[in-house]
Amino acid sequence: MRVPLRRDASSSSQEDTTTTLSPDPPTASPDRAPSRVLLETQRADCVRQRELALAETATSVPDPVAQRRAAGLLRTIEEIDAALARIAAGTYGACVYCGGAIPAERLEFRPFAAGCVSCQQER
Ligand SMILES: [Zn+2]
């Protein structure tokens, strides 16, 4: 038998309308600001490095190492963009696969990590 968690609607209907219809959509929580700055810095860095790598590939004999590096950097830029989108959506810090919290140490080492260690090891 399941017990409803919500209170009796007849006793608190006025309260409910004011709390559920919040006029301001939640913005990125303040403690995510350092993460966003870090991600934006890393993104700019990746873009610059990728331009350098692409410049190396724009020779008569394209360097396969530079080509791979440019491709890897593009992937990182995409991961950073996804992380920035998660900050905007308020889901940053949660594993995109299992929904569990990603440990702070992991986010420090890899701020754009999409998943926790155990989920990403399976991929
Ligand atoms: Zn996970």
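A residue is taken as buried if 20 or more other C-beta atoms lie within 10 Å of its own, as exposed if 12 or fewer do, and as partly exposed in between, with C-beta atoms placed from the backbone. By that criterion, 11% of the 123 residues of the protein count as buried. The structure is a predicted model, in which local features need pLDDT of at least 70 and side-chain atom pairs count only at pLDDT 80 or more, while totals for chains, interfaces and linings use all residues. Numbering starts from 1 along each chain as its sequence is written.

The overall architecture is simple to describe. Secondary structure was assigned from DSSP runs numbered from the N terminus, with helices (H or I) of at least four residues and strands (E) of at least two. The protein has five helices and zero strands, so that the order from the N terminus reads α-α-α-α-α. For contacts, two residues are counted when their C-beta atoms, placed from the backbone, lie within 7 Å. Among contacts with a separation of 6 or more, 49% join residues 24 or more positions apart.

Axes here are lines fitted to C-alpha atoms, for helices over the stretch in contact, and angles run from 0 to 180 degrees between N-to-C directions. The axes of α2 and α3 come within 9 Å and cross at roughly 160 degrees. Angles under 35 degrees count as roughly parallel, over 145 as roughly antiparallel, 65 to 115 as roughly perpendicular and the rest as oblique; α2 and α3 are therefore roughly antiparallel to each other. The crossing of α2 past α3 is left-handed, a label used if the near helix is turned anticlockwise from the far one by less than a right angle, with right-handed used if clockwise.

What, then, makes up the largest nonpolar core? A nonpolar core is a set of buried Ala, Val, Leu, Ile, Met, Phe, Trp, Tyr and Cys residues joined through C-beta atoms within 7 Å. The largest one has 11 residues, namely L39, C46, A53, A70, L73, I80, A83, Y92, I102, F112 and A113. Two or more of these residues come from each of α2 (33–57) and α3 (64–89), and α3 gives the most, with four residues. In soluble globular proteins, nonpolar side chains tend to be buried together.

C46 is found in helix α2 and counts as buried because 20 C-beta neighbours lie inside 10 Å. Leaving aside neighbours within four places in sequence, C46 is in contact with L73, T76, I77 and I80. The C-alpha atoms of C46 and L73 are 5.9 Å apart, although 27 residues separate the pair in sequence. A53 is also placed in helix α2, and counts as buried because it has 21 C-beta neighbours inside 10 Å. With the same exclusion of neighbours up to four places away, A53 touches A66, R69, A70 and L73. A53 and R68, 15 residues apart in sequence, have C-alpha atoms 8.8 Å apart.

D81 lies in helix α3 and counts as partly exposed because it has 13 C-beta neighbours inside 10 Å. Its C-alpha atom is 8.8 Å from that of E40, a residue 41 positions away in sequence. A82, likewise found in helix α3, counts as partly exposed because it has 13 C-beta neighbours inside 10 Å. A separation of 8.1 Å divides the C-alpha atoms of A82 and A114, which are 32 residues apart along the chain.

Finally, database annotation can be set beside the model. UniProt positions are given in the numbering used here, feature names are shortened, and annotations may be inferred rather than shown by experiment. An unreviewed UniProt entry places the feature "domain: Zinc finger DksA/TraR C4-type" at residues 90–122. In the model, this span is 33% helix and 0% strand, and its end C-alpha atoms lie 25 Å apart. The unreviewed entry also places "zinc finger region: dksA C4-type" at residues 95–119. For residues 95–119, the end C-alpha atoms lie 8 Å apart, and the span is 36% helix and 0% strand.
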